Amino acid sequence: MSNQIPQLQFVNMELTLKCNFRCLHCGSTAGKPRSNELKFDEWISVMKQLAELGCREVCILGGEPFLMPEWFAIARIICDLGMNLVIITNGWFIEQQIVDQLKTLKRLDRIGVSLDGATPEVHDKIRGRRSSFQKALNALWLLRDAGFEAGAITSVSKLNLSELFKIRDLLVGQNITLISLVCPAPSEKYPSPCVISNWSASCPANVTSPVAVCPPMFFSVNVNSSEQSSISSWSKS
Ligand code: SF4
């Protein structure tokens with residue numbers, strides 16, 4: 001067995017559990033902040049340690065990361081320490097003022113905005129908040145116009161199965177070509193599929209569309225290139 005210590009490359013950091021949404025599939029059961037969340041100074045210490053360990057990329061998420069009052073200072077320190085920054089958000093708070101702040105972050109690499117439907121009916125129902133669909137789209141258009149590599153993250157379930165290709169077409173029609181599919185663990189509230197057939201094969205060549213599984217869930221999504229464009233059942237990894 002090798003004694004080599006693996007190189008730390010990527011870290012996901014939940015800045016807060018506080019969230020303004022109550023999504024059906026939320027794996028963190030986000031809403032209220034934890035009573036023992038790290039303070040700003042502690043986060044700074046964590047960032048410095050990550051940089052010393054050679055970490056290349058830090059993804060900040062939540063909860064909703066923009067609800068952490070010091071999100072910008074933390075984001076700037078990540079960049080100043082030479083690490084790339086990724087942000088995952090529900091998009092609700094992204095307006096021009098935040099976009100202007102984001103523009104000053106020199107190592108901001110990608111921003112993912114949650115989008116679970118091609119219509120307000122589906123997205124807002126899954127996300128538990130009226131107008132969240134329109135806010136997510138506004139966020140994506142603003143980020144695109146500002147020149148960021150912005151994309152959608154879609155949590156796939158039977159509730160939005162029939163919308164997947166519509167979501168993709170809606171985004172591609174607006175020059176957003178980064179679309180990530182995520183499969184949360186199924187639950188009573190969130191009846192997940194999934195074998196996703198023909199997704200990658202059917203995407204236009206300019207679309208980047210990774211399919212991921214939310215760790216530490218023990219399910220995987222099978223993507224194949226069969227002719228059938230359907231999502232049928234879960235497969236356990
Ligand atoms: S926006 Fe994210 S953190 Fe907030 S409830 Fe939804 S899935 Fe959970």
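These notebook entries record what I looked up in a predicted model of a protein with a ligand.

**Entry 1. Ground rules**

I number residues from 1 along each chain as its sequence is written. In this predicted model, local features need pLDDT of at least 70 and side-chain atom pairs count only at pLDDT 80 or more, while totals for chains, interfaces and linings use all residues.

**Entry 2. Confidence**

I looked up pLDDT, the predictor's confidence in each residue, from 0 to 100. The mean pLDDT of the protein is 83, and 78% of the residues reach 70 or more. Over residues 213-237 the pLDDT stays under 50. For that stretch the model has 60 contacts beyond four places in sequence; two residues are in contact if their C-beta atoms, placed from the backbone, lie within 7 Å.

**Entry 3. Overall make-up**

I found seven helices and eleven strands in the protein. Helices (H or I, at least four residues) and strands (E, at least two) are DSSP runs, numbered from the N terminus. Of the 237 residues, 35% are buried. A residue is buried if 20 or more other C-beta atoms, placed from the backbone, lie within 10 Å of its own, exposed if 12 or fewer, and partly exposed in between. I then took the contacts between residues at least 6 apart in sequence; 75% of them join residues at least 24 apart.

**Entry 4. The nonpolar core**

Nonpolar side chains tend to be buried together in soluble globular proteins. I therefore looked up the nonpolar core, a set of buried Ala, Val, Leu, Ile, Met, Phe, Trp, Tyr and Cys residues joined through C-beta atoms within 7 Å. The largest such core has 49 residues, and Ile60, Val113, Leu140 and Ala152 have the most contacts inside it. Helix α5 (residues 132-145) gives the largest share of this core, six residues. Leaving aside neighbours within four places in sequence, Ile60 is in contact with Met13, Leu15, Pro65, Trp71, Ile74, Ala75 and Ile87.

**Entry 5. Helix α2**

Which residues of helix α2 (residues 71-80) are buried? I list Trp71, Ile74, Ala75 and Ile78. Seen down the axis of α2, these buried residues fall within an arc of 100 degrees, so they line one face of the helix. The arc is that of the directions from the helix axis to the C-beta atoms. The elements covering the buried residues of α2 include α1 (40-52), β2 (57-61) and β3 (84-89). Just after α2, Gly82 takes a positive phi of about 90 degrees.

**Entry 6. Helix α6**

In helix α6 (residues 164-172) the buried residues are Leu164, Ile167, Arg168 and Leu171. Seen down the axis of α6, they fall within an arc of 95 degrees, so they line one face of the helix. Their cover includes β5 (150-155) and β6 (179-183).

**Entry 7. The ligand**

What surrounds the ligand? I noted Cys19, Phe21, Arg22, Cys23, Cys26, Ser28, Ala30, Gly62, Gly63, Glu64, Asn90 and Ser114. By class, the shell has five nonpolar, five polar and two charged residues. Here Ala, Val, Leu, Ile, Met, Phe, Trp, Tyr, Cys and Pro count as nonpolar, Asp, Glu, Lys and Arg as charged, and the others, Gly among them, as polar. The peptide bond from Gly62 to Gly63 is cis, with omega near 20 degrees. Gly63 lies in the loop between β2 and α2.

**Entry 8. Loop residues with positive phi**

I checked Ser131, in the loop between α4 and α5. The phi of Ser131 is near 75 degrees, positive in a residue other than glycine. Ser131 is partly exposed, with 13 other C-beta atoms within 10 Å. Asn175, in the loop between α6 and β6, also has a positive phi, near 65 degrees. Asn175 is exposed, with 10 other C-beta atoms within 10 Å.

Is Lys135 buried or exposed? Lys135 lies in helix α5 and counts as buried because it has 21 C-beta neighbours inside 10 Å. Lys135 touches Gly91 and Trp92, not counting residues up to four places away in sequence. Thr119 sits in the loop between β4 (108-114) and α4 (120-127). With 14 other C-beta atoms within 10 Å, Thr119 is partly exposed. The C-alpha atoms of Thr119 and Lys166 are separated by 9.0 Å, although the two are 47 residues apart along the chain.

Note on methods: Near = placed C-beta within 6 Å.
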